[in-house]
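Let's take a friendly walk through a protein chain, starting from the inside. Keep the sequence and the picture side by side as you read.

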Amino acid sequence: MAEANSQLDRLLVDWARARDGFAPERRDGHYVFVFDGEYEVELSQDGSRMLMRSELEMLPADIRLANTLIERVLSIHLGRSMAGEEIVTVEPEGKRLILFRELPVPESVTRFSEAIGAFVNAAAFWTRRLRAEIATETAPRGPQMRMMYP
């Protein structure tokens, strides 16, 4: 890892040291972690704020399915709004859902670890939920059966 010159850099050095060298990759001024081989999290610092970002799932190409998925995400997000401080949004290009959280740079490695853990758990929740929603929406539907009553 590069020389520690920001508060986030110093936290990451200490955090990686406590995890036998599990260190992020540095890309374009961001730190990038991959957790469980699946959940990629970008970290960056802007002044005294830390931003965590994770790409979730691509939106379906079919605009109707994409809109239905976005409506479901908004509904679920509203229900979960008390559970965490993460926000699900559509990236500016409009092709992918992303999860992000902005918070003050934690003062300790313990608080940093807690913030990362909560964010990765949220990314895992949303990834699983979105995949299930997409699978449900794109599953082939059988012919409609009409019920006939005498």
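The largest nonpolar core has 34 residues, and Leu43 and Phe112 are the ones with the most contacts inside it. A nonpolar core here is a set of buried Ala, Val, Leu, Ile, Met, Phe, Trp, Tyr and Cys residues joined through side-chain atoms within 4.5 Å. Buried means under 20% relative accessible area, exposed over 50%, and partly exposed in between (1.4 Å probe, protein chains only). Which elements supply at least two residues each to this core? They are helix H1 (7-18), strand E2 (30-35), strand E3 (39-46), strand E4 (49-58), helix H2 (63-80), strand E6 (96-104) and helix H3 (109-138). H3 gives the largest share, with 11 residues. In soluble globular proteins, nonpolar side chains tend to be buried together.

A word on the source: this is a predicted model, where local features need pLDDT of at least 70 and side-chain atom pairs count only at pLDDT 80 or more, while totals for chains, interfaces and linings use all residues. Residues are numbered from 1 along each chain as its sequence is written, and side-chain values use heavy atoms, with hydrogens and water left out.

**The overall plan**

The chain has 3 helices and 6 strands, arranged along the sequence as α-β-β-β-β-α-β-β-α. Helices (H or I, at least four residues) and strands (E, at least two) are DSSP runs, numbered from the N terminus. Of the 150 residues in the chain, 35% are buried. Contact means heavy atoms within 4.5 Å. Among contacts between residues at least 6 apart in sequence, 58% join residues at least 24 apart.

**A closer look at Phe112**

Phenylalanine 112 is placed in helix H3 and is buried, with a relative accessible area of 0%. Leaving aside neighbours within four places in sequence, Phe112 touches Leu8, Leu11, Leu12, Trp15, Leu43, Met50 and Pro106. How many residues apart in sequence are phenylalanine 112 and leucine 11? They are 101 residues apart, yet their C-alpha atoms are 7.4 Å apart in space.

**Aromatic rings**

The whole structure contains 5 aromatic pairs. Rings of Phe, Tyr and Trp (its six-membered ring) pair if their centres lie within 6.5 Å; planes under 30 degrees apart count as stacked, over 60 as edge-to-face and the rest as tilted. Two of the pairs are set out here.

| Pair | Centre to centre | Angle between planes | Type |
|---|---|---|---|
| Trp15 and Phe112 | 5.7 Å | 85° | edge-to-face |
| Phe125 and Trp126 | 5.3 Å | 85° | edge-to-face |

Tryptophan 15 lies in helix H1 and phenylalanine 112 in helix H3, so their pair ties together parts that are 97 residues apart in sequence. Trp15 is buried too, at 3% relative accessible area. Trp15, Phe33, Phe35 and Phe112 form one aromatic cluster.

**Around His77**

Histidine 77 belongs to helix H2. Beyond neighbours within four places in sequence, His77 is in contact with Glu86, Ile87, Val88 and Trp126. Is tryptophan 126 buried or exposed? Trp126 counts as buried, at 2% relative accessibility. The His77 side chain also reaches the backbone nitrogen of valine 88 at 3.4 Å.

Note on methods
A polar contact is a pair of N or O atoms within 3.5 Å; within protein, one must be able to donate a hydrogen and the other to accept it, and residues adjacent in sequence count only if both atoms are side-chain atoms.
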